[in-house]
Structure formats: C-alpha cells, structure tokens
Amino acid sequence: MTEPKMDKGGATHQQADQRDETMTTAQGGPIADDQNSLTAGSRGPVLMEDHIMREKIFHFDHERIPERVVHARGYGVHGHFELTKAIPELSCADIFQREGEKTPLFARFSTVAGSKGSFDVARDVRGFAVKFYTGEGNWDLVGNNIPVFFIQDAIKFPDLVHSVKPAPDRNFPQAQSAHDNFWDFISLTPESIHTTLWTMSDRAIPRSLRFMEGFGVHTFRLVNADDKSHFVKFHWKPKQGLQSVVWNEALKINGADPDFHRRDMWAAIDSGDYPQWDLGIQVFDDDFADEFEFDILDPTKLIPEEQVPVQIIGTMTLDNTVDNFFAETEQVAFCTQNIVRGIDFTNDPLLQGRNFSYLDTQTKRLGGPNFTHIPINAPKCPMNHFQQDGHMAMHNPKGRANYEPNSWGDDGGPRENPEIGFTSYSERVQGDKQRTRSETFADHYSQARQFYVSQTKTEQNHIAAAYTFELSKCEHEHIRLRMLSHLMNVHDDLANAVAKGLGYTDMPDAAKPARKPITDLPASDALSILKNGPDSFAGRKLGLFLTDGADANLVNKIETTFTDAGAKVAIIAPHIAGVKLSDGTMKAADETIDGGPSVLFDAVALIFSANAGEELARNKPAQDFVSDAFAHAKFIAWTDASTPLFEAVGVAGKLDDGILKLNNDNVAGFLKMCEGLRYWARDAS
Ligand code: HDE
C-alpha cells in the first residue's frame, strides 16, 4: 500500500498505485458501471442490494452542512502575512518578532445578512476574517469592513440578526436591510445609529473585496514579554485603494453577475494580480483611554486615526485560490477566542459574547469537537494535547498516557510550559454582579455626526439617498418617522435631505438622547472613501465595446496602454465569437452586449465602425450600456461613430469633461482621466 495521500482540502485516499485512476466506492471498491443502477431485468425494479448506488445517493443526501447563521455567503482565499516592523516592545506574539518572516493565512470575506446563495453586491457589512497559522498557534482576527458595530452587548445579537433576515412568516426580503423589521429594531436601538451611517454609505457596496478596508472593531490588548499591556485596534489598509459602486449600479450588477465580488477576486489572483493589505495598529495606553471622549470598550465607537495614528507593521498578500470551496471556504471555522500569547481580550461585552458564540456555532456547523482536525482549521505548528475521541477523530495519540500529570516520564506525552505558554494579562477585575450598561456607553450620535461631516458632498448625498431608499421600503410610517427623529440628532442637513426624499415637510420631534451629543468633533479624512481612493487605474477594468471594422490601431493602443498600467480590458462585442478589426484581424470577445453591461466595468470605451452606430442606436442593451455608464459617473471614451447611440440615449447634448473623444494621440490622456475612477461632478448634477 502507498502512504495515504492528503490533498489541500483534506480528503485522504488510500489507493493502490495501479488503481489511481479507477473510480471506487468510499470503501475503496473499484466501480465497473457508474451509469446504471442494478435492476432485475433491463426494465425491472431497482434492487435494494445495489450498495454502489445506495452509497452514492446516501453521500449526496448529506452533502450540505448548516450554512452560517450570519456571514453565510463568503469567499475564501489563501495568502501570507509578512512582518515589516517587529514590535517585541509591544507584544511577545511569535508572529510579531522577526521582520521579513512570512506567516501563512486564510482569509474569508462575506456578506452578513444574505443566505449562501444570495448575491454579492448587497448593501451590507462585509466580513473580513483572517486566520493566521502562526508558529505558536492559530490567531483568528475576525473583523469587518466597517470599524464599528450595531450593538454594544452580545445579548442583542440574535435580535439584530432576526430583524435584518427574512421575516419568519413570509421569508422575505432576502439579503437586504430595506424593510420594516430592520428599521423598526434600529430605530428602537439608538446605539446602532452610528453603524447605520456606515451601512448607508458606499462602504456597504464595495466595488471589489480587494478595494475595502478591514477592521478588528474591538479594542484588544498587546502584551509584551514583561507582561506590559497596551490597548490596540487592528486595521487592514488595501494597497489597491478604496473604491465602491453607486447604488443603482449595485442593483444592476446583482442581476448581471450575482458573483461579481468572488469572480473579481478569483480573476485577480488567477492572473497574478495579488491583492495586498497593510496591517496597521492603533496603540494606546490607559491614559489615552481615560481621556478619550468615548469608552474604548464600546464597539459602536472608533478612535479617529487623527487622534491615534495607524502604524503599519506588515502586509498580507492573497496569492492562492482554494482547491475546493467546500473543504476550505465552507469548513473554515473562525473563532474570536483563537488568540495567541502576546495578544489578549478586553472587557468589550460584545467581544466577550463572541468568544462564546464562535466555538459553539462551529460545533453545530461542523458536527463535533474535532473540527480543528480539518486541514483548513488545523494549526501548522506542532499540536499536542490529551483531547481525544468524539466524532471524526483524525489525530489519535499513540501510547498509554492520556491524562496529566502522569509519571510515565518520556512516554508521558505533552507537558505544560510556563516559558512559552499562554498567560492571560492580569487585569484587576472587581464589581457587583449586575445587568447594567455603563454610563460611558450612552453617547449614540456624536460619532455618527463626525462620520457624516467627514464625507465629501458626493458621499453625503449617497448616504441621504440610501436612507431615503431604505426607509421608502418601510411600509409603516411610524418607523420612517422614528428613524428621522434619530437623524435629526446626527445632522440637520442629513435629516432634512432624507425628509425631503421621503416627501415629509413636517419634521417629527428629535429623539431624546441618553447623553447630549458632542457637535464639534473634527472631521476625519480617513473616514471617507473618496479621500482615500487610489491614484491609478491598476486593478480596475475597462469595458472596450467594439464592432466589426473598429479601428485596429486604436483598439490595440487602448489595450496595451491599459494593460501596461496594470488594468484589465474586457472586449464587448455583438457576438461572442468576436469582431473583425479594420486590419482584418479577429479580436475575440469576452462578453456580448447582453451579458456585459457597463455596470461590470470601471470605465468604458466605444470603438465602432462608421456604419455600426445607427444599428446600435436601436439596440436596447447598447443604449443601456451608454446610459448606465453616464448615470454612474463613469469615464467614457468614444469616436464619431458613437454619435447616433449618444443621441438615442440623450447623452449627445450633455458631453462633459468625463467623456473623451478618442484618437490615437490621447489614449494615455484617457487612462489618466480614468485614474479618477469616476467623474463625480456629473453625479452631483
Ligand atoms: Fe460574528 N458571528 N458575531 N461578528 N462574524 C459569526 O460564526 C457573533 C460580530 C464576523 O468568514 C458566526 O462561524 C455574535 C462582530 C465575521 O466564517 C457566529 C456577535 C464582527 C464572521 C457569530 C457577532 C463579526 C462572523 C456565524 C455579537 C466584526 C464570518 C458563523 C456579539 C468584528 C466568519 C460563524 C467566516 C460569523 C456570532 C458580532 C464578524 C454565529 C454573537 C462585531 C467576519 O458565531
């Protein structure tokens, strides 16, 4: 027999060499016929004794495991973390000691509310979970792409999640918060208002998983070898820069490509364009915590980067897709309690609740306590303990000792090690047993206002439009008005814009705040997406719409200019076989007009032959291609042949500085324009 083979997904195959290619049953028996069940005669009944068919159907019946109760729709990829700045003075965690050292990791990005089969560009928080396989055990940083959370205490989590998920009687709406139940709960839970500012902003509709930040949310501790502790907040900063889509575009992307984000991640890694994020830390001490306007244990608050700068200590590179989605992305089990020596928890009540929830949920989802044996969850450092048996036990110790202390000497198995073993930071704890919320958690509006005033005008407009959209989907007026009464405590401009959008002229009374809001917190540029975009078009995608006879020189020049700049170019054509360019060469298409609407691209160029324009002007998908690109503030390049199409959709009279008439000499100029990603002046008008 050969050694059992282990693939990345964890399946072991015990197959003799000569049978490597032969299909077998799960028991290893070679299969002669996988097309027909065993029947009594060719038209007779199927026989119970058909163990091959029964085993196959039995296994199929059990293919599904419970989907995650939240974050069900996710996409996982492999990568590594490289430490660029060692921080032994702050933390004795092994991963933070040696500059240049790489630690393997697995990252899973997700939406929260939708089920596993929902669409990618829902308006939602994105999960941003990273499992570091460090030399001293797994560290799971289970964060989000938004630095604050809706609630302050874990006991409210089931209510929050029930409210946003499909209602129990009608089982809709799916993967969205635009409904009465959600806004009913939110408007009765003022602590959530700050986070709704973020979810109503474009942060909740990222253009790509590659273009969003990640946050650990809670305050954690870093503890050094002398047991000295600092507080820390973790940040992921995408090297690709921040970018989101606009709401009308998101709605259309979900129809055109429900897998938009996962396809984008897959394609980027597959083509060697590996996404990277810097890991940043905001470090502060007790003195800062005492002076800060808010409680550092309150997960509905952030610490502005202007107050505590983010120091970059390393880089994550995602460079490998999974071999098997189920084995890796579905079975990965993140647990907030997976921390390593040198990192510790704080008393954030949400974090403490999570530390209970994740282990519990994995046991249910993965069927027992041995989910840590699954390769994607197993540490990559040595692992020795006396935990044994249970469902699907794969690591079974040899020998007699399965308890400790024992007197079996060298055969006695693993021993404690006070030198390198985990010790909790010895924080002094005292108090009465009680169910109360600290007074220091009572301010619910100040940072919501700070977020709003930190945005550009374009982003503020999008926030107001998002509240208007969502509240317009609420059937009950009292819910809309109750939300308005909270927005009045955030900012008058926002409240007035939403009231106008909803069609109300009389404002309700403002909600009574538990604590008077601070209205003069300074704007923080780090909170805006548009102030933190990239300064290049690298990693973005140009939609190049061609017809037969399109100018070959121009087409080739566009392709080289954009690909040389690190961008992707997708060819859209009337037929998938492609187009014959002016020089007679064939150019294969990536999409047809129907399948490749402009919402899938960051900018578009229309290069038609002189006689194709009239025909396209009568083609509805071609009209939508242009009118959507225009409405979504995209940069558009064109030649004379596009004029009939522009006229058909009313763009001809509105040519602005985001629309460039292209020739061989200004292709580089078009790329330069596209570096702005969107022509927001058009959006405002
Ligand atoms: Fe989670 N969360 N969560 N959460 N969460 C889960 O664990 C929970 C919270 C986050 O890609 C579940 O494996 C409670 C904050 C991510 O597999 C579950 C509370 C943040 C993921 C759970 C929170 C998160 C989860 C469901 C309130 C950002 C996906 C399936 C106390 C800092 C991980 C699972 C992945 C998943 C519980 C709040 C992030 C049920 C009780 C705050 C990224 O255990």
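Colleague: What makes Y358 a donor of the iron atom of the ligand?

Modeller: The OH of Y358 lies at 1.9 Å from the iron. Donors are N, O and S atoms within 2.8 Å of the metal (3.2 Å for Na, K and Ca), so Y358 counts. Y358 is the only protein donor. Water is not among the atoms, so sites may look incomplete. Y358 is found in helix α9, residues 349–366. A helix here is a DSSP run of H or I with at least four residues, a strand a run of E with at least two, numbered from the N terminus.

This is a predicted model: local features need pLDDT of at least 70, side-chain atom pairs count only at pLDDT 80 or more, and totals for chains, interfaces and linings use all residues. Residues are numbered from 1 along each chain, and side-chain values use heavy atoms, without hydrogens and water.

Colleague: Why is α12 called roughly antiparallel to α13?

Modeller: Helix α12 (residues 477–490) and helix α13 (residues 492–502) pack at about 155°. Angles over 145 degrees count as roughly antiparallel, under 35 as roughly parallel, 65 to 115 as roughly perpendicular, the rest as oblique. Therefore α12 is roughly antiparallel to α13. Angles run from 0 to 180 degrees between N-to-C directions, with axes fitted to C-alpha atoms over the stretch in contact. These axes are 6 Å apart.

Colleague: Which residues of α12 and α13 meet?

Modeller: Contact means heavy atoms within 4.5 Å. R480, L484, L487, M488 and V490 in α12 meet D492, L494, A495, V498, A499 and L502 in α13.
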